[in-house]
Amino acid sequence: VAQTRTAARHDLSVTDVRTLLGFLRVSPNMGYTEVFYSKDAAGNRLQRAGVWRGGIGVNTAVFGTFRPSLGPLRAIRHVMTPSLGFNYVPAYPKLFYRDSNGNLAPRFSGVSGISLTSSESRSMTFSLRNDVHVKWGNATQPKVINNLIQLQTSGSYDFLAHRHGRKPLSDLSSFLRLRATDRTSIDMDFTHDPYGGKLLRFGVSSGLSFQGVRRTPEEEGEE
């Protein structure tokens with residue numbers, strides 16, 4: 001007769017956001033996951049296990065304004081937003097056991113929706129975002145075009161990649177958006193191999209939006 005196994009799980013996460021030195025935005029975070037099993041896959045009764053993970057994110061903004069006065073171009077504002085993130089998960093060898101074939105298998109699995117596996121991880125994520133805003137047109141009442149150009153590049157670095165025979169630096173993903181007007185945009189995305197510089201993926205799309213003017217009841221009544 002098959003025995004029914006029961007399990008419970010709870011998750012806890014804590015995050016915070018602080019500004020240091022007046023310009024660095026720091027976001028530490030920590031999470032904890034715990035499970036209770038009436039019987040784990042190794043046959044042990046009333047088992048409990050928990051894993052924790054932590055990380056920290058840092059970003060800031062650097063900007064400058066240029067006033068070239070070239071024809072209708074009155075001003076250019078360039079904002080750069082670099083971001084770094086560090087994540088760490090410790091090793092938990094006791095979450096696994098040797099099955100009858102001598103293979104490592106997770107102890108806390110088999111109950112739908114409630115499982116717990118983990119492997120050591122040390123990684124860094126990074127990104128650089130560029131936003132270009134312009135003032136255009138008449139010198140006394142120029143039009144402001146926000147986000148005329150948006151360009152963001154991101155990637156990650158695995159500090160333990162050598163253990164698995166992989167390269168530590170991920171492919172670099174970039175996104176470019178051009179907005180000549182509030183209603184039109186052209187989006188392009190790229191993926192590059194950082195080691196050889198090869199373009200792995202390229203995509204482009206465009207958009208056009210229309211918005212009607214809502215008529216008041218008084219205007220409708222005049223017809």
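Strands are DSSP runs of E with at least two residues, numbered from the N terminus. The model is predicted: local features need pLDDT of at least 70, side-chain atom pairs count only at pLDDT 80 or more, and totals for chains, interfaces and linings use all residues. Residues are numbered from 1 along each chain as its sequence is written, and side-chain values use heavy atoms, with hydrogens and water left out.

**Exercise 1. Find the partners of strand β11, and say how β11 and β12 are linked.**

Step 1. Two strands pair if DSSP finds at least two bridges between them.

Step 2. Take β6, residues 73-89. It pairs with β11, residues 121-136, in the antiparallel sense over 16 bridges. Ile76 stands opposite Val134 of β11.

Step 3. Take β12, residues 143-158. The pairing of β11 with β12 is also antiparallel, over 13 bridges. Here Thr125 faces Ser156 of β12.

Step 4. Look at the link. β11 and β12 make a hairpin, with six residues between the strands. Gly137 sits in the turn and has a positive phi of about 110°.

**Exercise 2. Decide whether Asp131 is buried or exposed, then list what surrounds it.**

Step 1. Asp131 belongs to strand β11.

Step 2. Apply the classes: buried is under 20% relative accessible area, exposed is over 50%, and partly exposed is in between (1.4 Å probe, protein chains only). Asp131 is buried because its relative accessibility is 7%.

Step 3. Check for polar partners. A polar contact is a pair of N or O atoms within 3.5 Å; within protein, one must be able to donate a hydrogen and the other to accept it, and residues adjacent in sequence count only if both atoms are side-chain atoms. The side chains of Asp131 and Gln150 make such a contact, at 3.4 Å.

Step 4. List the contacts (heavy atoms within 4.5 Å). Neighbours within four places in sequence aside, Asp131 is in contact with Arg77, His78, Val79, Asn147, Ile149 and Gln150.

**Exercise 3. Describe how His133 and Asn147 meet.**

Step 1. His133 lies in β11, and Asn147 in β12.

Step 2. Classify both. His133 counts as buried because its relative accessibility is 17%. Asn147 has 21%, so it counts as partly exposed.

Step 3. Read the distance. A polar atom of the His133 side chain lies 2.8 Å from the backbone nitrogen of Asn147.

Step 4. Beyond four places in sequence, the contacts of His133 include Ala75, Ile76, Arg77, Val79 and Ile145.

Step 5. Check the backbone. Asn147 has a positive phi of about 55°, although it is not a glycine.

**Exercise 4. Locate Ile114 and list its contacts.**

Step 1. Ile114 is in strand β10, residues 114-116.

Step 2. Classify the residue. Ile114 has a relative accessible area of 16%, so it is buried.

Step 3. List the contacts. Not counting residues up to four places away in sequence, Ile114 touches Ala7, Ala8, Arg9, Val35, Tyr37 and Phe108.

Step 4. Compare sequence and space. Ile114 and Trp136 are 22 residues apart along the chain, and their C-alpha atoms are separated by 57 Å.

Conventions
Helices (H or I, at least four residues) and strands (E, at least two) are DSSP runs, numbered from the N terminus.
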